[in-house]
Amino acid sequence: MVMQEKFPKVQEIIDSSKSILIPFHVHPDGDMVGSGLAMAAYLKSAGKKVRVVSVDPVNPEWKFLPYFDLIENIDPLELNLASIDLIIFIDSESSKRVTRGAGFSIPDEIKTIGVDHHKTNPQEFQINILNYEEVSSAAQLILEYFTVVDFPLNKEIALLLYWGLIMDTGLFEYFAPSPLAKIKAHEDAATLLTAGAPHDQLVHRIRGNQNLETIKFLAKGLSNLQIDKEYRFCWTVFSNLEIDELGLGGKVSMVRFSIKPFLNCLKGTDFGILLTEDENNFISVSLRARRQDGVDVSELARILGGGGHRAAAGIKLKMSLEEAEKLVLEMARKFARKELKTE
Ligand SMILES: [Mn+2]
């Protein structure tokens, strides 16, 4: 893979560092948590002092993941970085993704490595392991690195990386960034399964472990779904009030994923939009394209100040839900006008 030439340098930087920080991106997803913990396990086995911090609470349902107890629910902005030699940003396009507000300024003497698979990544770190064409998750880049540096995959590491892979690929039902990436996702899955990743157990954690609030959230989201037939998209909106009524106050980021598969399944649409008020008075906007070779929703995200992939992208807006809905629908119609119609 293209990135392998950078791996010796990554290893050299890790070797020369004693104390390493892994900050999770906001709304840490399965790829962030699986990849981050696998990297932490590797660093610990190499005798490093490791801190794993997350500005947002990590889904408590994921406590079964090995090394979960390493995660500290702390905003990296509150850390004293004096003793840190190296920060490894995983699944994060920039240092701004790991905190809120003004962003995260890193003293010059601290080294930085980024490991990411988002096309819109501006490569601001000292070493950028970025591949958005051949892989579908950060977990696969970590797997590639472990393979190159001969770090043996035990069951726990395989589980963590497989968790990242299946969560980012929606159990392989996703749109891969390229035909090669689709093949590689399955090849890497085979490697991780061979090393002991428990597929059935993990699928059960995802599919067979819903609570009633999540199902009601999904039902509400689906009943709020609207369609713009002219511009060929659908959207659904969640207010904080509706979220509170469902007993999900403060937990919406954890159940949002249940609606996402329905944003790109409607006949007569090219893409779908989900708007939710999140815990910190931001409006969180998720975009999903209906076809991999259809419209590029990362373009719409970019216009609105966000980012992501061709078929899955997102934006955070600092405004009221009503204003956000108006703005996003207006821009979506402008965007749709320029795009080719697909059936
Ligand atoms: Mn990811």
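Strands S7 and S8 (residues 233-238) run antiparallel and are joined by three bridges, where strands are DSSP runs (E) of at least two residues, helices are DSSP runs (H or I) of at least four residues, and both are numbered from the N terminus. Two strands are said to pair if DSSP finds at least two bridges between them. The model is a predicted one, in which local features need pLDDT of at least 70 and side-chain atom pairs count only at pLDDT 80 or more, whereas totals for chains, interfaces and linings use all residues. Residues are numbered from 1 along each chain as its sequence is written.

S7 and S8 belong to an open sheet of six strands with mixed pairing, in the order S7-S8-S9-S10-S12-S11. Its edge strands are S7 (226-228) and S11 (307-308), each of which pairs on one side only. Strands of a sheet pair through backbone hydrogen bonds, either parallel or antiparallel.

Within this sheet, S10 (residues 283-289) has partners on both flanks. Strand S9 (residues 271-277) pairs with S10 in the antiparallel sense over seven bridges, and Phe271 stands opposite Ala289 of S10. Strand S12 (residues 312-317) also pairs with S10 in the antiparallel sense, over six bridges, with Ile283 opposite Leu317 in S12. S10 is mostly covered, and seven of its seven residues are buried; a residue is buried if 20 or more other C-beta atoms lie within 10 Å of its own, exposed if 12 or fewer do, and partly exposed in between, with C-beta atoms placed from the backbone. Ile283, Val285, Leu287 and Ala289 point one way from the strand, while Ser284, Ser286 and Arg288 point the other way, and all of them are buried.

Helix H11 (residues 321-338) lies across S8, S9, S10 and S12 and runs at about 165° to S9; axes are lines fitted to C-alpha atoms, for helices over the stretch in contact, and angles run from 0 to 180 degrees between N-to-C directions. The helix has 18 residues and reaches 26 Å from its first C-alpha to its last, close to the 26 Å expected at 1.5 Å a residue, the expected span being 1.5 Å times one less than the number of residues. Ala324, Val328, Ala332 and Phe335 of H11 are buried. These residues lie on the same side of H11 because they cover an arc of only 65° around its axis, the arc being that of the directions from the helix axis to the C-beta atoms. On the other side of H11, Glu322, Glu323, Lys326, Glu330, Lys334 and Arg337 are exposed. The cover over the buried residues of H11 includes S8, S9, S10, helix H10 (297-303) and S12.

Arg256 is placed in the loop between helix H9 (252-255) and S9. This residue counts as buried because it has 20 C-beta neighbours inside 10 Å. Not counting residues up to four places away in sequence, Arg256 touches Leu274, Thr276 and Ser286, contact being defined by C-beta atoms, placed from the backbone, that lie within 7 Å. The C-alpha atoms of Arg256 and Thr214 are separated by 8.7 Å, although the two residues are 42 residues apart along the chain.

A second open sheet has six strands in the order S3-S2-S1-S4-S5-S6, with parallel pairing. Here the edge strands are S3 (71-72) and S6 (127-130), each pairing on one side only. Strands S1 (residues 19-24) and S4 (residues 86-90) pair in the parallel sense over two bridges, and Ile20 stands opposite Leu86 in S4. Helix H1 (residues 7-15) packs on this sheet, touching S4, S5 (111-116) and S6, and its direction makes about 130° with that of S6. Helix H2 (residues 30-45) also packs on the sheet, touching S1, S2 (49-54) and S4, with its direction at about 170° to that of S1.

Tyr67, in the loop between S2 and S3, has a positive phi near 70° although it is not glycine. Gln123, in the loop between S5 and S6, likewise has a positive phi, near 55°, in a residue other than glycine. Tyr67 is partly exposed, with 19 other C-beta atoms within 10 Å, whereas Gln123 is exposed, with 12.

At the level of the whole chain, the protein is divided into domain 1 (2-206) and domain 2 (216-338), with bounds that come from an automatic or database domain assignment. The domain centres, taken over C-alpha atoms, are separated by 26 Å. Ten residues of domain 1 are in contact with eleven residues of domain 2.

Terms used:
Contact = placed C-beta atoms within 7 Å.
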